[in-house]
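Hi there,

Here is the structure I promised to send over. Have a look at it first, and my notes on what turned up follow just below.

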Amino acid sequence: MQQLLFTVILSEMALILVLLFKTPLRKLVIMGLDRVKRGRGPIMVKTVGATVFVVLLSSVYSMTKIQKRWIDEGAVNPTDQVLMAKHLLEATLMGSSLFLALMIDRLHHYIRELRIRRKSMEAVQKQARGSENGKVEEAKAMEEETAKLREKLKHLESELETRTKEVNAAEANAVALSKQSEGFLLEYDRLLEENQNLRNQLQSLDRRLSHSGSKKNT
């Protein structure tokens, strides 16, 4: 019994050391523990653990009986001393084996959780990289579109400048034509006035000639 418990404890300690350090053996141990926790494995492990725990309680009960007998008798029996040491050693070994088994279970659980978290983090990082690449491509497309819009804006500004020059030239021509038409109108008015003066002079001459002719006839 004691040799079996020592073997179990040493095996459990070796498993804990293997789980603590990242080595190729750890993957094999984790795969073995995964298989143990599938199917009927958990039931068998719980049954063995419950049996060991019951034997542990039995040893503790035997130790309390021996101690009570010592108190009642007031003397120490060598046989009881041997039994007390035997039960104490077995209880210590069984308690240690149960504690180490619990440690192995928790280490296996935390290693699995850590692997799952790492995979999820890698997936998130890949997704983030993909989104960053998409953002970079979108930024490049926006830069190209901005460059095209700037070229169109420059073209429109140059066209607007040429049209503004044409409008200014047309306005200047219109101003010149309006001034020229004003000069023509003034000249026309002057000619009309001179024409009227000439007509008046001709009429006065005609009147004088007709008046002088009538005097000669008389």
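Let me start with a pair in helix α4: R163 and E159 are four residues apart there, so about one helical turn separates them. Their side chains meet in a salt bridge (3.6 Å, N to O). By salt bridge I mean a side-chain nitrogen of Lys or Arg within 4 Å of a carboxyl oxygen of Asp or Glu. R163 is partly exposed at 48% relative accessible area, and E159 is partly exposed too, at 31%. For these labels, buried is under 20% relative accessible area, exposed is over 50% and partly exposed lies in between, with a 1.4 Å probe and protein chains only. Helices are DSSP runs of H or I with at least four residues, numbered from the N terminus.

Before going further, please note that this is a predicted model: local features need pLDDT of at least 70, side-chain atom pairs count only at pLDDT 80 or more, and totals for chains, interfaces and linings use all residues. Residues are numbered from 1 along each chain as its sequence is written, and side-chain values use heavy atoms, with hydrogens and water left out.

Back to the charged pairs. The structure holds five salt bridges. One of them joins the side chains of R190 and E187 (2.1 Å, N to O). These two are three residues apart in helix α4, so they too are separated by about one helical turn. R190 is partly exposed, at 36% relative accessibility, as is E187, with a relative accessible area of 35%. Salt bridges also link E187, R190 and E194 in a network. Elsewhere, the side chains of D105 and R106 meet in a salt bridge (3.1 Å, N to O). D105 is partly exposed at 25%, and R106 is partly exposed at 35%.

Next, helix α1. This helix covers residues 2–20, which makes 19 residues, and reaches 27 Å from its first C-alpha to its last, close to the 27 Å expected at 1.5 Å a residue (the expected span is 1.5 Å times one less than the number of residues). Its buried residues are L5, I9, E12, I16 and L19. They cover an arc of only 90 degrees around the axis, so they sit on the same side of α1; the arc is that of the directions from the helix axis to the C-beta atoms. On the other side of α1, the exposed residues are Q3, L4, L10 and L17.

What about the nonpolar core? The largest one has 18 residues, and I16, L19, L33 and I104 touch the most other members. Helices α1, α2, α3 (41–73) and α4 (78–217) each supply at least two residues of this core, and α4 gives the most, with eight. A nonpolar core here is a set of buried Ala, Val, Leu, Ile, Met, Phe, Trp, Tyr and Cys residues joined through side-chain atoms within 4.5 Å.

Two last items. F21 lies in the loop between α1 and α2 (24–36) and is exposed, with a relative accessible area of 51%. In helix α4 you will find H87, which counts as buried at 15% relative accessibility. H87 and I111 are 24 residues apart in sequence and 36 Å apart in space, C-alpha to C-alpha.
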